[in-house]
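Okay, thanks everyone for coming. Let me put today's protein up on the screen and we'll walk through it together.

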Amino acid sequence: MIANLVQLAAEEEQNPLVPPGPELLVGTIAFAIVFFFFWKKLLPNINKVLEERRAAIEGGIEEAEAMKVEAQSVLEQYKAQLAEARHEAARLRQEAQEQGAALIAEMRAEGQRQREEIVAAGHAQIEADRKAAASALRQDVGKLATELAGKLVGESLEDHARQSRVIDRFLDELEEKAEAAR
């Protein structure tokens with residue numbers, strides 16, 4: 001037991017951070033084996049995976065840049081089509097306004113023509129009615145004048161030809177007087 005205590009006391013004198021020699025040798029050999037295994041087997045696999053990952057990331061970046069360029073191209077096409085559509089809409093709107101103005105002018109001209117036809121037809125009807133009224137008035141005045149003259153003279157003035165001449169002459173004289181008074 002004393003020997004054990006002496007041995008324990010001897011171990012206590014050693015630095016606790018530095019392991020004993022045989023343990024240090026076994027640890028160094030184990031570290032070298034593990035390091036060699038990692039260096040020969042695991043390190044190439046890790047490098048291979050890292051290289052694949054780097055290639056995938058670079059490919060993704062290149063693909064993203066290509067997609068960005070394509071998206072920019074599509075955006076430019078869209079903007080061009082939109083500008084063309086706006087231009088076409090403005091042109092169609094202008095054409096519609098011009099057609100509307102032409103249609104309005106045409107309708108006004110047609111309305112003016114129809115108004116003039118109606119006015120001309122009205123004037124013609126008034127003139128025809130005036131002539132018919134004048135003719136009817138002549139006949140009525142002539143008949144009344146003949147009857148009155150017959151009563152004044154005391155004899156019948158039934159000769160139609162003579163009656164017409166007298167009436168026409170009388171009415172012509174009245175018209176001349178009326179026109180001179182104007």
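So, starting from the N terminus, in what order do the elements of the protein run? They go α-α-α: three helices and zero strands. Keep in mind, folks, that this is a predicted model.

Now for the annotated stretch. The UniProt entry, which is unreviewed, has residues 24-43 down as a "transmembrane region". In the model that span is 100% helix and 0% strand, with its end C-alpha atoms 26 Å apart.

On to the aromatics. When we describe a pair of rings, we give the distance of the centres and the angle of the planes. The count here is three aromatic pairs. Take F31 and F35: their ring centres are 6.2 Å apart and the planes sit at 20°, so that pair is stacked. Both of them belong to helix α2, residues 21-153, and they're four residues apart, about one turn of the helix. Then there's F37 with F38, where the centres are 6.2 Å apart but the planes are at 45°, so we call that pair tilted.

And are these side chains buried or exposed? Let's start with F31. F31 has 58% relative accessibility, and the cut-off for exposed is over 50%, so F31 counts as exposed. F37 is partly exposed at 47%, and F38 is partly exposed too, at 40%.

Technical notes. Residues numbered from 1 in each chain as written. Predicted model: local features only at pLDDT ≥ 70, side-chain atom pairs only at ≥ 80, totals over all residues. Heavy atoms only, no water. UniProt positions renumbered as here; feature names shortened; annotations may be inferred. Helix = DSSP H or I, 4+ residues; strand = E, 2+ residues; numbered from the N terminus. Phe/Tyr/Trp six-rings, centres within 6.5 Å; stacked < 30°, edge-to-face > 60°. Buried < 20%, exposed > 50% of the residue type's maximum accessible area, 1.4 Å probe, protein only.
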